[in-house]
Amino acid sequence: MAKKNSILAGLDIGTQKVAMVIAEHTDAGLEILGVGSSVSRGIKKGRLSDVEKTTQDISVALSEAELMAGCQIHQVTVSVSGNHLRGSNSHGVVAIDNGEVSPGAARRVIEAAQAVPLPAEQCILHLLCREYIVDGQSGIMDPVGMSGVRLEANLHVISSCESALGNIKKCCNKAGLSVAGLIASPLASGEAILDQEEKDLGVAVVDFGAGTVDISVYHAGSVVHSGVLTVAGLHVTRDLSQCLETSMREAEAIKLHDGAADVADVDGSTPVEVTGIGGREPRVVSRRLVAEIIQPRIEEIFEMVLESVGRSGYAEMLTSGVVLTGGAAMMPGIVSVASQVMGMPVRLGEPTGVVGLTDEIDDPSWSTAVGLAKGLRSSDLSHGALKGLTPRLMPDWLWRRWKEYF
Ligand SMILES: Nc1ncnc2c1ncn2[C@@H]1O[C@H](COP(=O)(O)OP(=O)(O)OP(=O)(O)O)[C@@H](O)[C@H]1O
Ligand SMILES: [Mg+2]
């Protein structure tokens with residue numbers, strides 16, 4: 001049985017499902033001990049809209065995961081999504097006293113860089129240090145002890161609506177859980193599916209869910225861009241519902257069973273039965289027609305993704321291309337359509353570096369929950385001046401120094 005203090009829990013409160021992963025860090029990787037899920041009824045476009053329903057949904061996922069893991073969980077790391085998340089890059093400069101970078105100077109330059117203007121309702125969720133620059137020399141990850149007169153820092157700052165975070169915490173508390181950390185969904189997914197080489201060479205993570213598409217861009221090992229679109233899998237289902245004149249439930253079933261993103265891959269003669277609304281007669285359409293409805297929406301969404309990635313200024317530098325994950329990534333043909341629209345190599349991303357009950361999380365819709373469990377050790381809790389930071393998303397050396405300084 002795993003030691004209690006080494007057990008970690010990730011809770012992904014998605015638009016379609018609430019997913020809980022209980023795991024433990026081992027030498028072989030993150031060992032999955034238990035998972036649980038429930039249909040999500042209180043989230044719209046990634047953002048909480050019904051505290052009672054979400055509390056109940058969390059409780060269901062929690063009980064299931066605890067039963068499988070054979071242990072009780074009191075603390076979780078939780079995902080944050082929705083279009084209130086804002087990612088931006090910031091820069092700070094300070095003078096170096098006495099010709100050598102001290103721990104204090106490294107802290108002051110981060111403080112200077114985090115002084116970004118935020119709307120009243122927004123608060124900082126993550127401060128991700130991309131690099132330090134000493135007297136114009138860039139790409140420095142640990143500047144302490146270096147000689148120089150001018151110290152600069154480049155950060156990626158992710159802010160969030162404060163009340164959205166409060167509502168998430170409220171639901172967790174009501175379900176008997178305290179919140180050990182909050183991680184923006186685009187980062188959590190990246191933690192689960194990327195390897196270090198991809199982050200170094202440049203890569204975009206696209207988590208295509210039901211209510212949101214979460215985007216993060218990495219270059220030179222750091223996050224350089226993040227964003228959330230609120231057009232996603234549910235829009236594809238709605239298009240099918242409207243065009244085929246059937247219910248959302250039937251449209252979702254058709255999408256999952258017969259959907260395809262690339263018309264060119266689909267045999268036109270395969271029939272698909274569509275149940276009529278309000279007792280109308282069922283009809284038969286071709287599978288090609290289903291794909292003809294789906295493809296334009298998928299293309300439109302990847303055009304929006306490309307626009308978001310383009311805003312990062314790194315679109316031309318993503319040597320590792322795009323890693324596509326999230327439930328909608330399971331649609332046949334989506335990888336080739338994404339690649340055509342974005343003009344980049346695209347691969348499917350599922351959680352990696354995990355052992356134990358891996359069959360339970362062996363699909364891309366679990367990436368965020370696994371990333372949450374990976375992202376923050378229960379012993380590395382944010383506190384005091386660190387409040388709002390996500391320690392495990394910093395390089396290890398930086399996290400050790402933060403702990404020393406504060
Ligand atoms: N085989 C499949 N083919 C096509 N779409 C699929 C398939 N399986 C799941 N999906 C779609 O994936 C979406 C759910 O994905 P996911 O579980 O990642 O969402 P979520 O995390 O609950 O929501 P979000 O992250 O948007 O808040 C739904 O729109 C669902 O229809
Ligand atoms: Mg999701």
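Strand β2 (residues 17–26) pairs with strand β3 (residues 29–39) in the antiparallel sense over 10 bridges; strands are DSSP runs of E of at least two residues, helices are runs of H or I of at least four, and both are numbered from the N terminus. Two strands count as paired if DSSP finds at least two bridges between them. Within this pair, V21 stands opposite V35 in β3. The model is a predicted one, in which local features need pLDDT of at least 70 and side-chain atom pairs count only at pLDDT 80 or more, while totals for chains, interfaces and linings use all residues. Residues are numbered from 1 along each chain as its sequence is written, and chains are lettered from A and ligands numbered from 1 in the order in which they are written.

Both strands belong to an open sheet of six strands with mixed pairing, in the order β11-β6-β1-β2-β3-β19. At its edges stand β11 (178–184) and β19 (354–356), each with a single partner strand, so one side of each has no neighbour in the sheet. From one strand to the next, the twist averages 35°. Angles run from 0 to 180 degrees between N-to-C directions, and axes are lines fitted to C-alpha atoms, for helices over the stretch in contact.

Helix α1 (residues 51–69) packs on this sheet, where it touches β1 (7–13), β2 and β3, and its direction makes about 140° with that of β3. Contact here requires that the C-beta atoms of two residues, placed from the backbone, lie within 7 Å. Helix α4 (residues 185–193) lies across β6 (75–80) and β11, and runs at about 85° to β11.

A further open sheet has five strands in the order β14-β13-β12-β17-β18, again with mixed pairing. Its edge strands, β14 (222–229) and β18 (346–348), each pair on one side only. The twist in this sheet averages 20° from one strand to the next. Strand β13 (residues 213–219) and β14 are antiparallel and share seven bridges, with V213 opposite L229 in β14.

Helix α2 (residues 103–113) has the buried residues A105, A106, V109, I110 and A113. They lie on the same side of α2 because they cover an arc of only 140° around the axis, the arc being that of the directions from the helix axis to the C-beta atoms. A residue is buried if 20 or more other C-beta atoms lie within 10 Å of its own, exposed if 12 or fewer do, and partly exposed in between, with C-beta atoms placed from the backbone. The buried residues of α2 pack against β7 (86–95), β8 (122–134) and β10 (150–161).

Which residues come nearest to ligand 1? Of the 24 residues around the ligand, these are G14, T15, G209, G233 and G327; a residue is near if its C-beta atom, placed from the backbone, lies within 6 Å. The elements that give two or more residues to this shell are α6 and α7, and α7 gives the most, with three.

The loop between α6 (233–243) and α7 (248–258) holds E245. This residue has a positive phi of about 50° although it is not a glycine, and it is partly exposed, with 13 C-beta neighbours inside 10 Å. K45, in the loop between β4 (43–44) and β5 (47–48), also has a positive phi, near 50°, and is a residue other than glycine. K45 is partly exposed, with 18 other C-beta atoms within 10 Å.
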